[in-house]
Amino acid sequence: MKRNNTSKYVSFGLIIAAYAIMMILSSTGKITRSMQGMLVPICAYIVMAISLNLTVGILGELSLGHAGFMSMGAFTGTCAAIIMTESVTNTGLRLGLSMVIGAIFGGIAGFLIGIPVLRLKGDYLAIVTLAFGEIIKSIFNNLYLGFDKYGLHLQLLSEKGIKLEESGRMLIQGAMGISKIKKISTFTAGFILIILTLFIVYHLVESRYGRAIMAIRDNRIAAESVGVDVTKYKMTAFVISAAMAGAAGALFAQNYSTITANKFDFNTSILILVLVVLGGLGNITGSIISATLLTILPEALRGFATYRMLVYAIVLIVVMLFTNASGTKIMIDKIKAKFGGNKEEEGL
Amino acid sequence: MRFLSFLISGLSLGSIYAIIALGYTMVYGIAKMLNFAHGDVIMVGSYICFFAMMRYNLPPVVGVLLAVIVCTVLGMVIERAAYKPLRQAPSLAVLITAIGVSYFLQNAAQLLWTSSPKVFPSIIGNGKIQLGELTISHVTLLTVVVCLVIMFALTWFTGNTKMGKAMRACSEDKGAAQLMGIDVNGTISMTFAIGSGLAAIAGVLLCSAYPTLVPTTGSMPGIKAFTAAVFGGIGSIPGAFLGGLLLGVIETFAKAYISTQLSDAVVFSVLIIVLLVRPAGLLGKVINEKV
Amino acid sequence: MAYKSDGSNLVPVPSNAVIPERDINDMPALECKNLGITFGGLHAVENFNLTIGRTEIAGLIGPNGAGKTTVFNLLTNVYQPTTGTILLNGMDTHGMSTAQVSKAGIGRTFQNIRLFNNLTVEENIMVAMDNSMKYGLFDGLLRLPGYFREEKKAHEKALELLHIFEMENVASHQAGSLPYGAQRRVEIVRALATNPKVLLLDEPAAGMNPSETADLMANIRKIRDTFQIAVVLIEHDMNLVMNVCEGLCVLNFGRIIAKGSPAEIQKNPTVIEAYLGKSHKEGEKQMSTILKVDDINVYYGSIHAIKGISFHVEEGEIVTLIGANGAGKSTTLNTISGLLRSRTGSITLNDKPIDHIPPHKVVEHGLAMCPEGRRIFLQMTVEENLEMGAFTVKDINMDAEKERVFDLFPRLKERRNQIGGTLSGGEQQMLAMGRALMSKPHLMMMDEPSMGLAPILVEQIFDIINSLHKEGTTILLVEQNAQAALSIADRGYVLETGKIVAEGTGAELLASPVIKRAYLGGEREEEPDKEGAYYF
């Protein structure tokens with residue numbers, strides 16, 4: 001169990017230090033507007049990256065539809081917050097509750113999609129998660145939800161059938177999504193969510209659940225041979241991961257005045273996957289760093305304006321080639337052998 | 001009659017998916033990788049054909065030929081530069097690189113050709129055939145015919161030529177293929193070339209049917225075709241063909257009888273259900289790990 | 001397993017086991033009745049009957065491809081048996097998942113080590129204790145007292161188990177980074193952590209050095225004594241098998257060919273034939289070096305698999321490489337064919353260096369390989385497979401070459417349009433040989449051509465090799481069936497853990513007592529000497 005501790009402290013340390021620095025900078029007014037606007041999205045992406053890392057890095061299953069869970073949390077959490085506007089006046093508490101609701105719905109979605117996911121392997125599993133993301137997007141794009149004193153009114157495809165009381169309002173308007181959202185997400189809330197996420201992931205990894213999940217990743221057949229119930233543990237990891245994504249979605253959505261389903265499309269899923277892979281599979285600290293850098297990078301490249309996305313693509317390819325090409329791999333192995341080469345001969 | 005006309009337009013859309021899916025499936029079969037940039041090669045092909053016809057006033061046939069040549073070369077270059085160095089790398093690393101290539105192509109296209117939509121010219125005019133109450137446009141007919149021709153040509157190629165057999169041998173057992181003296185790298189490169197050439201044809205057909213051309217034109221058809229390839233059993237050529245056609249027909253029927261907006265949800269739900277029943281796709285084979 | 005097979009009836013035989021009171025007559029720990037499985041029409045295991053006492057150490061032995069690991073996979077329900085029943089402590093395990101079988105009391109290790117490589121040694125063991133740990137998900141996430149209590153208990157138990165092999169000091173090392181022998185030991189400890197009643201060990205000594213193997217022997221007995229459990233082991237190291245097992249069961253072609261005490265098995269003529277094969281006639285020879293291998297060293301990652309091997313093959317010769325599993329025979333062939341690379345030395349074919357050209361170019365220099373496990377293209381027809389064999393040859397009359405192969409293998413001609421996957425094992429082997437012959441190679445390499453084939457087919461395959469030899473084909477042969485290989489070979493080399501330890505003409509090696517001793521072990525209770533006995 002000692003193995004994780006360094007990385008754990010580094011992760012917590014980084015987050016706390018970054019939070020403290022940002023708070024000091026913003027209180028002294030030294031922070032640019034664009035940076036200020038990016039703080040909440042960065043927090044949301046960090047949570048998304050950690051959450052997806054649980055699925056891809058720790059459970060070892062590829063997911064191409066993680067934005068679907070984020071979308072689920074964003075829509076349900078935001079709707080809940082709007083409904084609670086009058087009953088819960090404290091914005092912090094309201095945001096917290098909306099994230100919990102987002103997490104619950106994310107988890108439910110995770111459970112539902114987990115049923116087919118558990119029966120499939122490799123690329124077939126990946127395509128099902130992709131399909132799931134597209135289905136969620138398609139449904140939210142055509143969902144109309146209204147709210148008045150009689151409760152919720154839900155309809156697919158058009159809002160014609162929804163007749164609301166005078167005091168009621170439309171929550172979700174199909175492809176227009178949710179508009180007039182109160183921007184209650186704050187950097188502090190994001191910080192707390194990240195800390196919570198880290199607690200959950202590290203505690204999971206260091207418990208018998210996490211061990212079993214990683215054992216399945218490393219060698220499914222061996223895990224079965226020592227009595228590990230593969231279905232149960234895969235589902236546990238999947239649901240937790242989806243719930244975290246749901247909470248991140250609720251946080252993310254309430255940083256904007258409008259949110260649409262198209263914000264959480266396939267490209268978003270891929271972006272999160274890129275964060276995880278660049279940060280290193282199973283490496284939580286790596287996910288935090290890559291989520292931060294890659295969210296800032298397009299902004300930092302704003303000077304290049306037209307070329308920035310091209311540069312982003314090139315950076316991505318070059319990094320992957322450099323870290324994974326067999327040529328550089330051999331080089332790295334040689335360096336490792338030079339410094340730790342005696343391992344083989346060590347008697348035990 | 002309505003049913004029949006939907007079926008025909010479904011088959012036409014499915015034909016396009018099938019041609020793209022063939023590219024996915026061949027590359028997957030031999031290189032065991034998901035080439036996410038495949039959809040964007042389609043887009044490049046469409047642009048080449050567009051400029052050949054509109055700016056240089058070349059005849060459509062020359063435009064298509066040019067598109068095929070450029071895409072073939074592009075496919076080989078992508079393979080050589082981005083995927084070949086990663087032959088031994090974990091599949092996720094290759095996947096992310098492919099995503100990088102996809103972004104690269106989209107953004108390069110945006111810089112070169114701007115993101116303002118281009119209206120793709122018809123390559124064979126707007127003629128129609130009237131069969132009683134049924135109307136079939138020339139483009140629809142052409143699409144289905146081209147798909148059938150490609151399907152038969154590919155089946156013949158992999159079954160009867162030395163190169164085609166080498167491709168099958170490599171996709172089954174690379175080590176044994178090498179022992180036979182087959183140049184595995186060359187064969188993979190060839191597969192990318194063929195897949196990308198097909199993508200160019202698919203691009204032209206796609207834009208003839210849906211004439212708005214933007215740098216992201218290839219993304220959604222790419223994802224759908226990839227789905228079609230998995231649907232049919234990835235790695236299987238008849239599977240890609242079947243998967244593509246079925247996906248096209250299901251999508252068209254969903255649009256016609258259920259809802260235009262929810263058609264994607266229907267298509268992907270069908271996919272999930274099919275995979276639940278047949279975990280390796282319609283024509284795929286389940287391979288168990290050796291203990 | 002104090003029973004002698006007599007058809008399907010089991011007759012008790014006297015045992016010279018170390019344990020005085022045999023408890024087989026109470027309830028046996030494990031009972032297999034008429035166990036069998038078919039893969040695509042092939043009976044991989046058939047009519048397998050075995051009874052294991054509660055504290056017995058039993059050995060499951062037999063040549064490569066005999067179906068030993070398949071039996072383990074059946075016992076743990078990795079494969080569901082086609083026929084028969086398995087009773088674990090009297091309980092039928094039919095329909096259970098692998099995980100449930102583990103809970104019911106079978107622990108196992110794997111032939112190709114399957115550790116959780118990225119977890120620490122201790123975590124590997126704690127995963128196996130998962131079922132006996134009693135805290136829930138929320139106790140874990142919120143770190144409630146139950147978590148600390150159970151984790152501490154598991155931690156202590158893990159260290160206790162590691163103590164068997166005195167490995168507490170590596171508890172926090174990453175499992176994948178341990179040396180090979182240590183990984184094998186961790187796998188045993190992990191299996192023990194599931195609290196098994198029967199422990200299945202699949203080649204526990206593979207890749208271990210003689211002193212490690214001696215330790216292992218002592219520890220297997222110690223495990224049985226401490227935990228009072230039954231142990232079944234598959235092993236090729238005959239010294240270990242003969243010394244540690246109280247009963248042996250010999251498997252060949254998926255059937256039990258003998259059961260009894262180690263002493264009985266060593267004298268059993270059927271067993272000797274299964275291991276050493278029957279002898280074959282010799283051919284004539286002439287000289288001119290075709291292949292010269294000089295001081296090659298091959299590594300798998302950091303494992304030094306081939307340690308400075310040199311040998312040569314003359315024109316028209318059959319040269320055979322023999323040795324135990326993992327001695328490096330296949331690795332040597334794969335290095336010659338270019339699939340693996342040597343870090344040093346050179347390989348020349350017809351005086352041309354071939355050690356730095358890609359494998360597909362090596363074929364053009366006149367080398368053909370008939371790989372282990374045949375590896376024909378299962379989805380291509382027989383004719384297409386043959387055509388692939390002549391892929392590099394220009395100006396070839398394909399039909400004439402095919403006819404030449406069909407003359408050698410008339411069976412293939414009948415099936416010329418059939419898909420490779422539908423052929424039987426023997427036919428597939430013929431196809432693999434025919435495919436290699438299509439390019440008219442200067443040197444043909446064959447890797448275990450008789451593996452997994454029925455005796456009658458093995459004989460046929462060796463006759464064919466012999467007639468190829470008489471036609472003047474130069475052959476480098478790797479074989480498990482040492483007797484058969486040496487009897488048709490002009491010369492042979494004996495490999496052990498990546499080195500050549502003996503060489504000579506086929507007749508010399510055949511006559512040498514070293515071979516029989518090496519394959520079936522020496523006298524019982526004889527300890528391996530310091531130079532290392534032959535571990536086949």
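Predicted model: local features only at pLDDT ≥ 70, side-chain atom pairs only at ≥ 80, totals over all residues.
A polar contact is a pair of N or O atoms within 3.5 Å; within protein, one of the two must be able to donate a hydrogen and the other to accept it.

**Stop 1: chains A and C**

Select chain A and chain C together. Across their interface there are 16 residue pairs in polar contact, with both residues at pLDDT 80 or more.

How many residues of each chain are in contact? On chain C there are 38, and they meet 34 residues of chain A. The size of an interface is often given as the accessible area lost when the parts come together. Chain C and chain A bury about 3300 Å² between them, and 58% of this lies on carbon and sulfur atoms.

Next, display the charged side chains. Three salt bridges link chain C and chain A. One to select is A:Arg211 with C:Glu151, where the closest N and O atoms are 2.9 Å apart.

**Stop 2: C:Thr194**

Now centre the view on C:Thr194, in the loop between H6 and strand S9 (198–202) of chain C. Is this residue buried or exposed? C:Thr194 is buried, because its relative accessible area is 11% and the cut-off for buried is under 20%. A polar atom of its side chain lies 2.7 Å from the backbone oxygen of C:Ala191. Beyond its neighbours within four places in sequence, C:Thr194 is in contact with C:Ser102, C:Gly107 and C:Ala128, and also with A:Val226 from the other chain.

**Stop 3: the domains of chain C**

Colour chain C by domain: domain 1 (1–105 + 195–276), domain 2 (114–194) and domain 3 (286–520). Domain 1 and domain 2 of chain C bury about 1400 Å² between them, 63% of it on carbon and sulfur atoms. On the domain 1 side, select C:Asn195, C:Ile223 and C:Phe227, which lose the most area to domain 2 and together account for 29% of what that side buries.

Finally, look for the one salt bridge across this domain interface. Select C:Arg185 and C:Glu212 as well; they form a salt bridge whose closest N and O atoms are 3.5 Å apart. Helix H7 of chain C gives six residues, the largest share, to the side of domain 1 that touches domain 2.

Technical notes: Residues numbered from 1 in each chain as written. Chains lettered and ligands numbered in written order. Heavy atoms only, no water. Contact = heavy atoms within 4.5 Å. Buried area = accessible area lost by both parts, 1.4 Å probe. Salt bridge = Lys/Arg side-chain N within 4 Å of Asp/Glu carboxyl O. Helix = DSSP H or I, 4+ residues; strand = E, 2+ residues; numbered from the N terminus. Buried < 20%, exposed > 50% of the residue type's maximum accessible area, 1.4 Å probe, protein only. Domains from an automatic or database assignment.
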